[in-house]
Amino acid sequence: PEGTKPPSVATGGRASGTARGLSKMPYVRDTRRSIGLAGFRLTSSHIANATKFPDRIGLGDYLFFDEHGMQGCRPMEWAGGLRPYYLPLRALTNRDVSNLLVAGKTMAQTNAANAGTRLHPVEWASGTAAGIMAARMLRAGELPNAADLVGSCLGSDLCHLQQEIQKVAPIDW
């Protein structure tokens with residue numbers, strides 16, 4: 001702004017709608033997360049060990065767990081380093097609402113797991129799977145129930161939902 005020493009670049013008030021160019025709303029980096037069917041939550045241990053879930057619906061990978069410490073909270077702990085991992089269908093469910101699907105930052109996961117899944121490619125993978133699952137639940141013509149679909153995907157072979165997802169996105173490395 002004019003008159004500052006040294007000169008600097010800043011957002012003007014007109015662009016932000018405030019006198020100083022600051023945001024009107026705070027940026028909240030974290031969100032509430034679901035608790036999946038039967039209490040399932042994806043953990044950093046699942047990710048660090050690259051657990052190959054029978055109900056896998058997507059893939060994730062990043063260089064490291066991207067932690068952003070929270071004031072007044074103890075630092076996160078991980079069960080190993082981050083490596084390519086699998087996303088389970090159960091992470092897209094909610095234990096209390098049978099036809100609610102979640103994806104991205106709201107997946108059933110711990111805070112530490114979220115430090116490895118909060119990136120756009122993983123959010124897109126979970127969102128793609130949730131969209132395909134929602135369409136499949138609606139085609140069933142009955143009251144949608146995520147538990148039925150999850151149950152059908154816990155066998156040793158790929159279930160119909162996984163086969164559908166695999167047509168548009170990889171689910172295996």
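**Reading the labels in a predicted model**

Reader: Why does Phe-53 count as buried?

Author: In this predicted model, the relative accessibility of Phe-53 is 5%. The label "buried" requires a value under 20%. Since 5% falls under that limit, Phe-53 counts as buried.

Reader: What makes Phe-40 and Phe-53 an aromatic pair, and what is its geometry?

Author: The ring centres lie 6.1 Å apart, and rings pair if their centres lie within 6.5 Å. The angle between the planes is 85°, and planes over 60 degrees apart count as edge-to-face. The pair is therefore edge-to-face. By this rule the count comes to 1 aromatic pair.

Reader: Which parts does the pair tie together?

Author: Phe-40 belongs to the loop between helix 1 and helix 2, and Phe-53 to the loop between helix 2 and strand 1, so the pair ties together parts that are 13 residues apart in sequence. Phe-40 also counts as buried, because its relative accessibility is 12% and the limit is under 20%.

Reader: How do you know that Arg-90 lies over the face of Phe-40?

Author: Arg-90 is 4.7 Å from the ring centre of Phe-40. The distance limit for a charge over a ring is 6 Å, and the charge must also be within 35 degrees of the ring normal.

Reader: What joins the side chains of Asp-55 and Arg-90?

Author: A polar contact of 2.8 Å joins them. The limit for such a pair of N or O atoms is 3.5 Å, so the distance meets it.

Reader: Is Asp-55 buried or exposed, and how do you know?

Author: Asp-55 has 0% relative accessibility. With a limit of under 20%, Asp-55 therefore counts as buried. Its place is the loop between helix 2 (44-48) and strand 1. Beyond four places in sequence, Asp-55 touches several residues, including Leu-87, Leu-89, Arg-90 and Cys-153.

Reader: Which residues of the largest nonpolar core touch the most other members?

Author: They are Leu-87, Leu-89, Met-133 and Leu-161, out of 32 residues in that core. Strand 1 (56-60), strand 2 (85-88), helix 4 (120-139), helix 5 (146-152) and helix 6 (160-166) each supply at least two of its residues. Helix 4 gives the largest share, 7 residues.

Reader: Is Ala-50 buried or exposed, and how do you know?

Author: Ala-50 has a relative accessible area of 17%, which is under 20%, so Ala-50 is buried. Ala-50 sits in the loop between helix 2 and strand 1 and likewise has a positive phi, of about 50°, without being a glycine.

Reader: How many helices and strands does the protein chain have, and what is their order?

Author: The secondary structure comes to 6 helices and 2 strands. From the N terminus, the elements run α-α-β-β-α-α-α-α. Of the 173 residues of the chain, 38% count as buried.

Terms used:
Residues numbered from 1 in each chain as written. Predicted model: local features only at pLDDT ≥ 70, side-chain atom pairs only at ≥ 80, totals over all residues. Heavy atoms only, no water. Core = buried A, V, L, I, M, F, W, Y, C linked by side-chain atoms within 4.5 Å. Buried < 20%, exposed > 50% of the residue type's maximum accessible area, 1.4 Å probe, protein only. Helix = DSSP H or I, 4+ residues; strand = E, 2+ residues; numbered from the N terminus. Polar contact = N/O pair within 3.5 Å; in protein donor to acceptor, adjacent residues only side chain to side chain. Contact = heavy atoms within 4.5 Å. Phe/Tyr/Trp six-rings, centres within 6.5 Å; stacked < 30°, edge-to-face > 60°.
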